[in-house]
Amino acid sequence: MADLAGANGQREDFRVVGKHNLPGKLSYALATGIAKFGIDYVVPGMAHAKFLRSPYANARIRSVGTARARAVPGVLDIVTWEDEDVKKLGAGGFGPPAAYIDDTADMENAEVGVVVIAENEDICEEALRALDVDWEILPHVVDVLKGRQDAAPIARQRQDAPSMFAPPPSQPKRGNVSYAATVQGDLAQGFKEADHIVEYTLKLPAFLSGMPNPPASVAWWESDPYHGEGPDLHIEGAVQRRENVGMMYGVPPEKTVQTGLFQGGRYCDWGLRKSQEITPLLAKRVGRPVRCSNTREETFDFLMNERYMYLKVGFTNEGLITAVDDFSIADNGAYGSSSFGAANDQGYGPYYTLKCKNISQRMDVVDTNRGKMYLSGQHCPFNWDSGTMAIYLIAEKLGLDPIDVAKLNLHGPDSQDDTRPVPSFEACMEAGRELMGWQWHRSGERTLPDGRRHGASFRYQICPRHAFSGYECKL
Amino acid sequence: MESKIGAGMTLTQEAAQRRVADIISAIPVVLTEYRCPLCARVFPGYSGLREHYEAEHAGAIAPIVVMLMLNGKGCEVLIEPHWTLKRTLQFRLGLTGTKHMCDKGVCGSCTVIMDGRPVLACQILTAECEGRDIQTIEGIAADPKWKPLIDAYCRWDAMQCGYCTTGFLVTAKALLDRNPNPTERECREALAGNICICGTYPRHSQAIIEAAAAMSGGGVDG
Ligand code: FES
Ligand code: FES
C-alpha cells in the first residue's frame, strides 16, 4: 500500500528531487579506483577456471576426451557435465530449472560440457584446446521470422520447464513458437468509447547487453565456528545474488560472505553468468580459491529482444487511452534467456501502469539460437518503446505535451482505479522538465537555425523488473 | 540496520586518498619470492626459478623480472613475457583501479599515463615498460594536487556504475597536464577514446572544466 498519508505522501519539499551536483555515497570509492568489482579480485593461492564454449550455434557433444588436456602442465582439475557434483548443482540464476551444464549448446559461445581449472587462464585455454570433442552439429535459427515457420529447425534441444512467473501459455507450443495471450476488459467497447484510433507497427532490433565489466567471481571456503557447523562460502563478484549462489551450494545466507559492493552497469549486472556461479564448486574441488571470468566476447548477451509489433490504440479527445490491441512476434533467444522466457513475461501485464483496462495483448515468442535475451522485455511492452510511441502519436494528434499524456494515463499507486496523484512523482516530473528546459512542440514544427531537426525525447518507462531488481540509488 | 549492497558505505575524499596511498605503499620494491606460473612452486631467488624451468618445464618460456617505475616508485615484478601492463597491475601489484572492459584497445577503461601520454594498459606488454614513468589512477588520487579533479568528478557525479570512470579520470588528468584550461570541445576530443556504457559523457567535460578553474585559482561556484 502506498503511504499517501505518511512521510512520503503529500510532502512537497524534497532533499534530492530537483537538485543536481550531489556526490553519491560511493563516488569517491569509484573515482579513486578503490572500488573493486568482481573481476578485480585477486586472492593468494588463487587458481583460474574457464568453460569450454561452443563454436556452433546449435550443437551437442557426443563425447569428450580429457586425457591430453589433463596432461597440460598447470592443469589442476577438469570437470565435465557427467561429474556427480556438477549434476547436483542445478541452475541457480536465470532460466527455468535445468542442468547447470550439460552436453548441449544452443548458442555460439555457450558454456558447454567442460570446465578446466588451472594455475592461470593461459593454461586453461591451452587445456581447452587440447580437449578431444566430438560435436554433433545441428541446424540453427537466427532469424525470428524464419524460426516462426513450421519447417524451421528446432532451436532448443531441451524441454522447456514452466517458469514460475509466467502464466500458462494460451495454446500449446508449436515448433519454436510459444503463444501468449492476455486479454482483459472489453476491447470492442473500449474502441467504441474512443474519439480517435491510431494503428502502427514497430520493429525493435535486439539490443546488446550493457555490462561494462566482464562477469567474474572468485570463491573460497573457510572455517567459521561463529556461524554454526560447516565452512563459510566466501564469494566476491556475486553482487546482488550472493544469497542465491549460497543456496546453490546449500549454504545459508549468514555463512555466505561477500565484502564487495560494486556492480557494473548498475542495475544491468544482476543476472549472473555461469562464471559467477561455478567458482564455489571448483574451489571445493581443488581446495584453493578459484576465479572464473568471462571475456568481453563471452558476455555478448542481448539485453532486449528483437520484436515486431502491431498496435492499435483508442483514445479520447483528452488523450485518455480507452483500448489497446497489441500483437507482437518476439525473439525468445536461447534456452534460459530469462525466468520468463519459457512462455512469456505477461504475468505482469497487461499494461498495468495504465488506467485503461480494455487490453488485448498477444505474443508469439520464438526460440532462436541468436543468444541469451536476459531482459526480454516481453512483460510489459507499454512501458518501453511501443508505449512511448503510442504516447507520442497521441500527443502529435492532439497537440498535447507527451508528458501530460503519460501523466493522464498513469494510474495512482494502489490500483488501476486509483486516480490520486503522487506528489513525489509530480515533483520529479516538474523538476525534470525544468532542468532540461523542456518545451514540447510537434515534430518538425521548429528546426535549428541551420535547418536541422533536433529534439529530446521523453521516455515512458516504469519497468517492473528494474523496480524490483534491488537497484540502489546512490543518493 | 541496512543490509543491502552498498548501504551505509560513504567514503570521504580524505579516506579514499589515504586508502590509495596505502595501496601504493604496500607494493614491495624488491621481489622476495619467485613463483612458478606453471606449477606454483616458490623459489627464494630468480636463479632457482630459472633452473627449475630448465629441469621441469624444458621448452617453456621462463618468466622474467621487470623493473617498473609506477606512481613515482620503483618496483620489481615477476611476469611472463606476454603479460600486458593491465594484467601486471592487477595480478602482481594489486592496482585494480585500471579497469578491464574490452581488453582490445577500444574502450579506454585501462588508461594509464606513460611518459606523459595516456596509453592503454591492455595493449602494452609489461616487458616494454621498463624504465618508463607510469601513473595509474591510484597515483593520481593519492596526489593532493589532483584533489580538485577527483572532487569535481564526485561533485558532478560523473559516473553511474563507475566502472569506466577511472579511465576517464586518468585521460582527463593527462589533458590537464598539457592544457590547464581546456574548452568543452577539447575535453570531448581528449575523452573520445573512452567509452561509458552507462552514458555519463556530458558530465565529464563539466567536471574537468570545473577542476581546471579550481586548480588555476578560479574557484567553484555553489
Ligand atoms: S580494456 Fe583496454 S582499451 Fe578496453
Ligand atoms: S559509469 Fe558505468 S560504464 Fe561508465
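Modeller: Start with A:Arg288 and A:Glu119, whose side chains meet in a salt bridge at 2.9 Å, N to O. The term means a side-chain nitrogen of Lys or Arg within 4 Å of a carboxyl oxygen of Asp or Glu. A:Arg288 sits in the loop between α9 (279-286) and β14 of chain A, and A:Glu119 in the loop between β5 and α4 (121-129), so the pair ties together parts 169 residues apart in sequence. Helices (H or I, at least four residues) and strands (E, at least two) are DSSP runs, numbered from the N terminus.

This is a predicted model: local features need pLDDT of at least 70, side-chain atom pairs count only at pLDDT 80 or more, and totals for chains, interfaces and linings use all residues. Residues are numbered from 1 along each chain as its sequence is written, chains are lettered from A and ligands numbered from 1 in the order in which they are written, and side-chain values use heavy atoms, leaving out hydrogens and water.

A:Glu119 is buried, at 11% relative accessible area. Buried means under 20%, exposed over 50%, and partly exposed in between (1.4 Å probe, protein chains only).

A second bridge joins A:Asp364 and A:Arg148, again given as 2.9 Å, N to O. A:Asp364 is in strand β18 (residues 359-367) and A:Arg148 in the loop between α5 (144-147) and β7 (171-174) of chain A, so this pair ties together parts 216 residues apart in sequence. A:Asp364 is buried at 9% relative accessibility. A:Arg148 is partly exposed, at 33%.

B:Lys147 and B:Asp151 form a salt bridge, with their closest N and O atoms 2.6 Å apart. They are four residues apart in helix α5 of chain B, which means a separation of about one helical turn. B:Lys147 is partly exposed at 30%, while B:Asp151 is buried at 19%.

Some bridges link up further. A:Asp401, A:Asp404, A:Lys407, A:Glu430 and A:Arg433 form a network of them. Over all chains, the whole structure has 36 salt bridges. Side chains of opposite charge can pair when their charged atoms come close.

Now the interface. The rule finds three salt bridges across the interface of chain B and chain A. One pair, A:Asp40 and B:Lys99, meets at 2.5 Å, N to O. The elements giving two or more residues to chain B's side are α1 (13-25), α3 (85-91), α4 (137-142), α5 (147-155) and α6 (165-178) of chain B. That side divides into 24 nonpolar, 14 polar and twelve charged residues. Here Ala, Val, Leu, Ile, Met, Phe, Trp, Tyr, Cys and Pro count as nonpolar, Asp, Glu, Lys and Arg as charged, and the others, Gly among them, as polar. The contact (heavy atoms within 4.5 Å) takes 50 residues from chain B and 51 residues from chain A.

The two chains bury about 4,100 Å² between them, 59% of it on carbon and sulfur atoms. Buried area is the accessible area (1.4 Å probe) that two parts lose on being put together, summed over both.

Finally, the wider setting in chain A. Its 475 residues are 57% buried. Chain A has 13 helices and 18 strands. Of its contacts with a separation of 6 or more, 79% come from residues 24 or more positions apart.
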